[in-house]
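Subject: Structure handover

Hello,

Here is the structure for you to pick up.

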Amino acid sequence: MSRRPRTPPLKDRAGPDEAAPAQGTVVRLRIGAVAHGGHCVARHEGRVVFVRHALPGELADVRLTEARERDRFWRGDAVAVVEAGADRVEPRCEVARPGGCGGCDWQHASLEFQRRSKADVVTEQLRRLGRTEIEGLVVEPVPGDAGGLGWRTRVRYAVDGRGRAGLRRHRSHEVVDIAACPIADPEVDAVGVPTRTWPGTAAVEVVAAHAGGEVERLVVVEPSRPGDDRPRLPVLDAPASLARRGPGGVERLRGRGWVREEVLVDGTPRTFRVSGAGFWQVHPGAAQALLDAVLTAADPQPGERALDLYCGVGLFAAGLAGRVGAGGSVLGVEGEGRAVADARRNLHDLPWVRLEHAAVAGALRGPAGPDRADVVVLDPPRTGAGREVVEAVAALRPRVVVYVACDPAALARDVATAASAGYRLAGLRAFDLFPMTHHVECVARLVPDDAAPA
């Protein structure tokens, strides 16, 4: 499953002398369509303004937050709504508002609107960047949240210079104070990280895993000074294992340095070990939904050769292995060493699965790389697989490629590359794995141009 950057990179900041006179002022704007990235498009004196906390069709007073004369577009926050849209709702969080936390883009919008807008964004990105037309896309909810809340099982808190833990302000390193997070799993909030002081700490990550009806909590601290092996840790509100992120990776301090996650693989429960704060989907229903969607799209058959690229701790490899059986084979490729170690443990009972610790592009192009495959599953990071990997996959001439994507723009670019290599988009599903945010997960099915329609 895809690796997501913890903190979006900041754009260049202007000094006071570079700011346009408009920056910081409030202008009244008619809000236009939703754009990729959690904002809507408006125009001020001919210039595009990306506006957060607004909805299409609204008339709003917008404070310009980034407005340099040299910028191609400006950014702003809707600080007052003059004419509200029908899909506007009251945010459940006090800091999910202008000038507040950057984590939630759409708490002011109904879930129905959120899903419609995500479908529109995916469709538009595929049309514009992927040169592919799709119709009637529906963003599907998955079980495990409560009306879009209480789903985030992994939360990373930033810690400021006074030891206060909170969440980042939008497009800033500044820490916003919170008492609890409405989109966090209640078992994450139960630890009480924002209510404690964390001296000598840069960040605290909390993992709440659910396996076999049990809850496992893991707290991973990141010292503010490299090499600090004596973090001063507060007493927590709920039992949790403790670990420290250091130069050599995540080191256990108390309890276990890993958690267990569980999914059904063709109806049979299977447990996956995930070390430290390693990658696992944050929505409790996500892993199951994606595994089922991938297996449906790929339809692996007994005896086939399958590739699982960017395989993480082995979720999709386990599903593929169960379908191809001992007469087939699965090769999983992953560049993160700790994930490969977990995958070896998770899949030790499936000897026809081989795991390779390597960069995906190098593994495909190297002399020991595969010469053919029947099924390829790939779940790249947010930046996408890229031309080199997509072309290498197409060169193996699989009968089907299943691409799991967390960024519609990256997916669209890779779909265009696949088309130039002889593979067309034959199916697409989208899932609302990140309610209240602009993020959406897609599972795309690609087949050779000469394949018969399904």
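What follows is a summary of the sheets, the helices packed on one of them, and some side-chain pairs.

Please keep in mind that this is a predicted model.

The eight-stranded sheet

An open sheet is formed by 8 strands, with mixed pairing and the order β7-β22-β23-β21-β20-β17-β18-β19. Its edges are β7 (139-140) and β19 (353-357); each has a single partner strand, so one side of each has no neighbour in the sheet. On the β7 side, that strand runs parallel to β22 (residues 423-431) and is joined to it by 2 bridges. Glu140 has Phe431 of β22 as its bridge partner, and Val139 stands opposite Ala430 in β22.

Further in, β22 and β23 run antiparallel and are joined by 8 bridges. Within that pairing, Tyr423 has Pro448 of β23 as its bridge partner. β20 pairs with β21 in the parallel sense, over 4 bridges, and Val376 stands opposite Val401 in β21.

How enclosed is β21 by the rest of the structure? Of its 6 residues, 6 are buried, so β21 is largely enclosed. Burial here means under 20% relative accessible area.

Which strands does helix α3 touch? Helix α3 (residues 286-298) packs on the sheet and touches β20 (375-378), β21 (400-405), β22 and β23 (441-448). The direction of α3 makes about 160 degrees with that of β21.

Helix α5 (residues 337-346) also packs on the sheet, where it touches β18 (329-334) and β19. The direction of α5 makes about 165 degrees with that of β19. Ala339, Val340, Asp342, Ala343 and Asn346 are the buried residues of α5. Viewed down the helix axis, these residues fall within an arc of 160 degrees, so they line one face of α5. As a reminder, an α-helix has 3.6 residues a turn, so residues three or four places apart point the same way. The buried residues of α5 pack against β16 (268-275), β18 and β19.

The six-stranded sheet

Another open sheet has 6 strands in the order β1-β5-β6-β4-β3-β2, and its pairing is mixed. β1 (26-30) and β2 (34-35) stand at the edges with a single partner strand each, so one side of each is left without a neighbour in the sheet. Strand β3 (residues 39-44) pairs with strand β4 (residues 47-52) in the antiparallel sense over 5 bridges. In this pairing, Val41 stands opposite Phe50 of β4.

Aromatic side chains

Counting rings of Phe, Tyr and Trp whose centres lie within 6.5 Å, there are 4 aromatic pairs. What kind of pair do Trp106 and Phe113 make? Their ring centres are 5.7 Å apart and their planes stand at 70 degrees, so the pair is edge-to-face; the cut-off for that class is over 60 degrees. Both Trp106 and Phe113 are buried.

There is also a charge placed over a ring: the charged end of Arg256 sits over the ring of Trp258, 4.1 Å from the ring centre.

Regards

Definitions and conventions:
Residues numbered from 1 in each chain as written. Predicted model: local features only at pLDDT ≥ 70, side-chain atom pairs only at ≥ 80, totals over all residues. Heavy atoms only, no water. Phe/Tyr/Trp six-rings, centres within 6.5 Å; stacked < 30°, edge-to-face > 60°. Buried < 20%, exposed > 50% of the residue type's maximum accessible area, 1.4 Å probe, protein only. Lys NZ or Arg CZ within 6 Å of the ring centre and 35° of its normal. Pairing = 2+ DSSP bridges. Contact = heavy atoms within 4.5 Å. Axes fitted to C-alpha atoms, helices over the stretch in contact; angles between N-to-C directions. Arc of directions from axis to C-beta.
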